[in-house]
Each structure stands twice: as structure tokens, then as C-alpha cells.
Amino acid sequence: MEALSWKLTCVCGLVFLLATVVQGTFLDTYQGQLSELHKQMKTEIGKRFRENSELNGLMIEQELIPLLAEGTVAIREANRDLLEQLSSIRPNGTVSECWTSVDALIYLFTLFPQWDLQDCAYGGYSQWMREDGRLRFYPVAHELHRASSEVINAIIGILSEENVVDNAEDVESRLDGSLDHFNEVSIEGLQDLDQELAEHNERQSAIEEYMRECIDRTIATSRDDVMYTIRYAEYYCLEESNK
């Protein structure tokens, strides 16, 4: 947007210089129309960028963070169950290589689900932002910027020609055509951005499904780890103490 804004400023400045040479010509009117279109386009694109950012923020705050919180609670419950069950079967004051191994398992199975939850969060976020940056909203916005820049370059080319004022009728016709094209590019580009925003909820459902499945797998794995640790303690440590 900065490059496009700079070009438009140059165009408007060039038009202004030409208009001062021939006051009251079509250049005065053209300068006003181009400036107004430029202002409107910057405002509308900025508005849609803010809306896209707000939608992403709401998705993270209202949907994804609660999912991670649910996963955190479930994993803490699994860890609490593990400690309670082990406490009920572990002989008081028992110190052995076997129970040391159990303690090591407890430590590892407390860390692993935390890492897995972090992976879920990072995977979901990076997947979404990758799509946002490469496949959906931003590429559409960049295409609008590119198309608008091409129109502006064409306008600069026209105004840079010799005898602009002497060939006023031809120049005016060509500038009118470029102005109409600029208007069409802006309208179509903004409509495409609106379509991307309208499809935000559909894409949001996809990332929520990804996150839910990832977190559910993490919870299930954590519970399996609990059962494995209990069976290990019962089979090896209790058997050892009973010999």
C-alpha cells in the first residue's frame, strides 16, 4: 500500500502541475476524481484488513484458547488421577529402583502432554496464518495492490508524454479510460476481499476441527500413559515388594 500511495501522490502532483499551466482544463477535474478514488480505496482496504484481524483475534480468544484450556484441565485431571492411584498402592517409605522408574515415568508423562498441547496450538496457528498469508485474504489484497499499481503506472505514462496539453482531447479520453479501469479494479478487488471475509467462518470451522482432534488425541494419550504407569507399578514394583 505504501508504494501505491507514493505513486498516486506523484500522479496527483503531476496532474496538479499540469493543471496550473492550463487552469480550468479537464486536468483539474481529473485530479479531484483520482484523489477521491485513491482516498476511498485506501480507506476501504484498511477497513477490511482491520476486520480480518479482528475476526482472527476473536477466533483465537473465543474459540481456540478455550479449547486449549479444556485440554489443559483434562490433562491435569489425568495427572491427578495418576498420583492418587499410585499413592494408594505405593507402600509408605518404599525406596527402590522400580519406584524410582515410576517416578521418572510420572515426570515424563507430565511433560509430554504439555509439549503436545503446545504443538497443537502452534500447528493450528501456523496452519491458519499460512493459509491467511498465502492462500486467502492477503494474496487477494496483494493482487488488488498489484492491479492498482499497473493502472497508476499507465496513468503516469500518459501524463509523462510530450504535448499533454496540446493533445488534450486524446489525453482526456485516455485518462478517462484509465480512471474507469482504476474504479473497476477497486470495486472488483474489494468485492473479492469481502468474499474472503464472508468465508472466514468456514475456514474457522476447519481450524477448530483440527485443534479439537489434536487436543483429543493428546488427552487420550495422557490417559493411556496413566494406565501404563499404574500397570507398570502394579506388575513390577508391587510384585517385587511381595517377593
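Both C98 and C237 are buried, where buried stands for under 20% relative accessible area, exposed for over 50% and partly exposed for values in between, with a 1.4 Å probe and protein chains only. In this predicted model, local features need pLDDT of at least 70 and side-chain atom pairs count only at pLDDT 80 or more, whereas totals for chains, interfaces and linings use all residues. Residues are numbered from 1 along each chain as its sequence is written, and side-chain values use heavy atoms, with hydrogens and water left out.

The sulfur atoms of C98 and C237 lie 2.0 Å apart and form a disulfide, a term that covers pairs of cysteine sulfur atoms within 2.5 Å. The S-S torsion of this pair is about -90°, so the disulfide is left-handed. The bond links distant parts of the chain, with C98 in helix α3 (residues 97–134) and C237 in helix α6 (residues 200–242), 139 residues apart. Helices here are DSSP runs of H or I with at least four residues, strands are runs of E with at least two, and both are numbered from the N terminus.

A disulfide also joins C120 to C214, with an S to S distance of 2.0 Å. Its torsion about the S-S bond is -85°, and the link is left-handed. Here, too, distant parts of the chain are linked: C120 belongs to helix α3 and C214 to helix α6, 94 residues apart. C120 and C214 are both buried.

Turning to the fold, the protein contains 6 helices and 0 strands. Of its 243 residues, 37% count as buried. Among contacts (heavy atoms within 4.5 Å) with a separation of 6 or more, 83% are between residues 24 or more positions apart.

The interior can be described through nonpolar cores, meaning sets of buried Ala, Val, Leu, Ile, Met, Phe, Trp, Tyr and Cys residues joined through side-chain atoms within 4.5 Å. The largest has 21 residues, of which L144, I155, F182 and L193 touch the most other members. Elements giving two or more residues to this core are α2 (26–89), α4 (137–159) and α5 (168–198), and the largest share, 9 residues, comes from α4. Leaving aside residues up to four places away in sequence, F182 touches L37, H38, M41, S148, V151 and I152. A second, separate core of 15 residues includes L86, C98, W99 and I106; C98 is also a partner in the disulfide with C237.
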